[in-house]
Amino acid sequence: MYNEWSLDCFYKGIDDPALTSDMEKLEVAVKTYKSVVPTLSYDDTVKSLREIIDLKETITVLVRRLMGYFSLRRSTNSADTEVSVPQTKIQMLMASTARENVMFEKYVGGIEDIDAVISQDEVLKEYKFYFNEIKESVSHNMSDDAEDVFARMSMSGGAAWGNLTSYLTSTLEVEYNGEKTTLSAIRALAESDDADVRKSAYEAELASYAKVKDAIAFSLNSIKAQVNTEAELRGYENPLAVTLAQSRMKKETLDAMFEAMREYMPKFREYLKHKAALLGHKNGLPWYDIFAPMGKAGSKTFTAPEAHAYLVEHFASFAPDLAEMVDEAFKNDWIDFYSRPGKSGGAFCSNLPFFKQSRILTNFSGSFGSVVTLAHELGHAYHGMMIQDHRPLNTGYTMPVAETASNFNELIIVNDAIAKSSGEEKVSLIESQIQDCTQIIVDIYSRFLFEDEVIRRRKNTFMFAKDLEDIMIGAQKEAFGDALDPEYMHPYMWCCKSHYYRAGLSYYNFPYAFGGLFSRGLYAKFLEEGEAFLPKYRALLKATTVENVEDVALIAGIDLTNPEFWRKSLQVIADKIDEFIAETSK
């Protein structure tokens, strides 16, 4: 308890007979699926659909259980060789179903009145959104054979390059003060109270990328080449259009959000320049001081048990079911707490709806920020709890809404802490909140600009590490303006952010801005409506897997295509910036 997570709900180990049994069951289910799909006919459409859905549900649960186990093991030990063989075997097995998947989707696309058909079966009725989504997307399928080849080649293409980058960054040794440390550990020093430590850690971090930047540059180029190729083959205008379709989100919503964000960039630059002045910088804020703590934070640090008690107490005042879930997460070893060699940096939550649980990885340091990170990831777990009673094929929510509950949890914790603080501690908490918002608005915008430019250039050219450094600096200058010291920026942000290295998931940046601003709009609703808001909130989270983004927001009375909604959320942050500047200008 309070150390490493338990994966015993999956399997007791790689030699567990249950794992072997599930591998065998998966092979049988896939073989049956591949034999049944070609025989589908419209003579008895209800029977045909139900047979395939039953098989797909079985396959989905088995794959998520097996691959979830392998992935979670590797996230805490990148050198875990035991899982490599079975993991690759499943990847190849599932890649072999690509042809049949397209055949099934084309079959669904050929059903004239899908709603009338599925209304005849209780299970099929629950998949109304699923079937209609297939009918809308079937025009972007390649031929059966092309899908099969593409899926198989992707295993040694984009997926392999992504695995390489993960391995390189998780095992990278950073030389610092005569010793060797990890990339995640050195980056964590950006929040140090000591200015010399922040600067020296920044310099050590940047120097370390020389060991891996060329290999990572090849990874990024290869992945984005595949992304461009797939978008073209599927008939999309560009990879952004693919991402929006995957996100169940309209371009009008993204445009409205970016329009409002660009309008408020000067306010964030005002904050950054004011912070630079407070720290004695005259040429803008150097990158190594972006996370410099301001004011005087409370001296209290948290042990894991103290974080447990703190979070349960605070969430109980919002939603009892959230507090109960948080208590269970700590008591039943859902959380892997501490940094160690080979473990992934940062934090994440993996929902396990088939177990009605989640697993959370964090690199807990005992700071209040670490507690907030736990709150964030537990928000993902709460989101998972809201969707766990959906049928297996209805448990996937998209990128934009993925950060809703997590950011909402952060607001509960941080706003309460601010309200109960005063003086230098209050200044510290307000600035920390603004700092986080600057990351999800300004820095995220720079990352979007970078990825968009890389994808565009990759159509015609290869970009070496120096080219990528220049593109990243250009994106940071466009987003941050004159608020950063041009001598101390971060040209290697493309090396340390894993989000760029997923061939099937591009632009994993703007969803953070979406989640941060959407959650603030929801939090404002909660403050207005009190307990009456909670049923809407739970219904909204549950709907994220079976509705598009815009319809999900309408449950709370929000029009996402209207820039005014985004402006209101941004104004809340702008007011905090004004408060911070006023408090530190006395």
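Guide: Let us begin with Tyr488, which counts as partly exposed because its relative accessibility is 26%, and the label covers values between buried (under 20% relative accessible area) and exposed (over 50%), using a 1.4 Å probe and protein chains only. Please keep in mind that this is a predicted model, where local features need pLDDT of at least 70, side-chain atom pairs count only at pLDDT 80 or more, and totals for chains, interfaces and linings use all residues. Residues are numbered from 1 along each chain as its sequence is written, and side-chain values use heavy atoms, with hydrogens and water left out.

Visitor: Is Tyr288 buried or exposed, and how do you know?

Guide: Tyr288 has 10% relative accessibility, so it counts as buried.

Visitor: Why is the pair of Tyr288 and Tyr488 called what it is?

Guide: Rings of Phe, Tyr and Trp (its six-membered ring) pair if their centres lie within 6.5 Å; planes under 30 degrees apart are stacked, over 60 edge-to-face, and the rest tilted. Here the centres are 5.4 Å apart and the planes stand at 85°, so the pair is edge-to-face. Tyr288 sits in the loop between H14 and helix H15 (304-316), and Tyr488 in the loop between helix H21 (465-480) and helix H22 (493-496), 200 residues apart. Such helices are DSSP runs (H or I, at least four residues), while strands are E runs of at least two, numbered from the N terminus. The structure holds 50 aromatic pairs, and ring pairs also link Phe318, Tyr382, Phe408, Tyr523, Phe526, Phe533 and Tyr537 into a cluster.

Visitor: What makes Asp144 and Lys106 a salt bridge?

Guide: The term asks for a side-chain nitrogen of Lys or Arg within 4 Å of a carboxyl oxygen of Asp or Glu. Asp144 and Lys106 meet at 3.3 Å, N to O, with Asp144 in helix H8 (residues 144-155) and Lys106 in helix H4 (residues 98-109), 38 residues apart. Asp144 is buried, at 17% relative accessibility, whereas Lys106, at 38%, is partly exposed. A search of the whole structure finds 38 salt bridges.

Visitor: Why are Asp148 and Arg152 about one helical turn apart?

Guide: They are four residues apart in helix H8, which means about one helical turn between them. Asp148 is buried at 15% relative accessibility, and Arg152 is partly exposed at 36%.

Visitor: Which parts does the salt bridge of Glu259 and Arg567 tie together?

Guide: The side chains of Glu259 and Arg567 meet at 3.1 Å, N to O. Glu259 lies in helix H14 (residues 251-278) and Arg567 in helix H26 (residues 563-583), so the bridge joins parts 308 residues apart in sequence. Glu259 is partly exposed, with a relative accessible area of 33%.
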